[in-house]
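These are my notebook entries on a predicted model. I set down what I looked up, one topic at a time.

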Amino acid sequence: MERAFEMRRLAVERGDQAYGAVIVKDTRIVGEGVSAVVTGNDPTAHAEIQAIRDAARRLGSRDLTGCEMYGTSRACTMCEAAAYWARVARLYYGTTIVDAGAPQPR
């Protein structure tokens, strides 16, 4: 979770929205994401989506079975659906690391 908040700080430093996320598999970070909605002029470039894209690229697969996502805030509907379709096992968010459960289809 600490790394997700580092990603959040990076997003703010870059002039974007204050969101960060990481994807973890077997206690190792395999994907990182900072919000790029403002700086990239892309309404879908949420931190969670960026982290999913990064993990898929690093792992060489769109199937993120066995991975968990840690985000600075609760995932929006779009991001939760993306996590579901990527087969992310669980979502966690916030400074107190709230377990949001398994992603659900929308």
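Entry 1. I looked up what covers the buried residues of helix 1, and the cover includes strand 1 (20–25), strand 2 (28–34) and strand 3 (67–71). The buried residues themselves are Ala4, Phe5, Met7 and Ala11. Viewed down the axis of helix 1, these buried residues fall within an arc of 150°, so they line one face of the helix. On the face turned away from the buried side I found the exposed residues Glu2 and Glu13.

Entry 2. I then checked the length of helix 1. Its 12 residues (2–13) should span 16 Å at 1.5 Å a residue, and the end C-alpha atoms are 17 Å apart, which agrees. Just after helix 1, I noted that glycine 15 takes a positive phi of about 90°.

Entry 3. In soluble globular proteins, nonpolar side chains tend to be buried together. The largest nonpolar core here has 15 residues, and those touching the most other members are Ile23, Ile52, Leu64, Met69, Ala83, Val88 and Leu91. Strand 1, helix 2 (47–59) and strand 3 each supply at least two residues of this core. Helix 2 gives the most to this core, with 4 residues. I also recorded a second, separate core of 10 residues, which includes Met1, Phe5, Met7 and Val24.

Entry 4. Last, I listed the contacts of leucine 91, leaving aside its neighbours within four places in sequence. Leucine 91 is in contact with Met69, Glu80, Ala83, Val98, Asp99, Ala100, Gly101 and Pro103.

Methods: Residues are numbered from 1 along each chain as its sequence is written. This is a predicted model: local features need pLDDT of at least 70, side-chain atom pairs count only at pLDDT 80 or more; totals for chains, interfaces and linings use all residues. Side-chain values use heavy atoms; hydrogens and water are left out. The expected span of a helix is 1.5 Å times one less than its number of residues. Buried means under 20% relative accessible area, exposed over 50%, partly exposed in between (1.4 Å probe, protein chains only). The arc is that of the directions from the helix axis to the C-beta atoms. Contact means heavy atoms within 4.5 Å. A nonpolar core is a set of buried Ala, Val, Leu, Ile, Met, Phe, Trp, Tyr and Cys residues joined through side-chain atoms within 4.5 Å.
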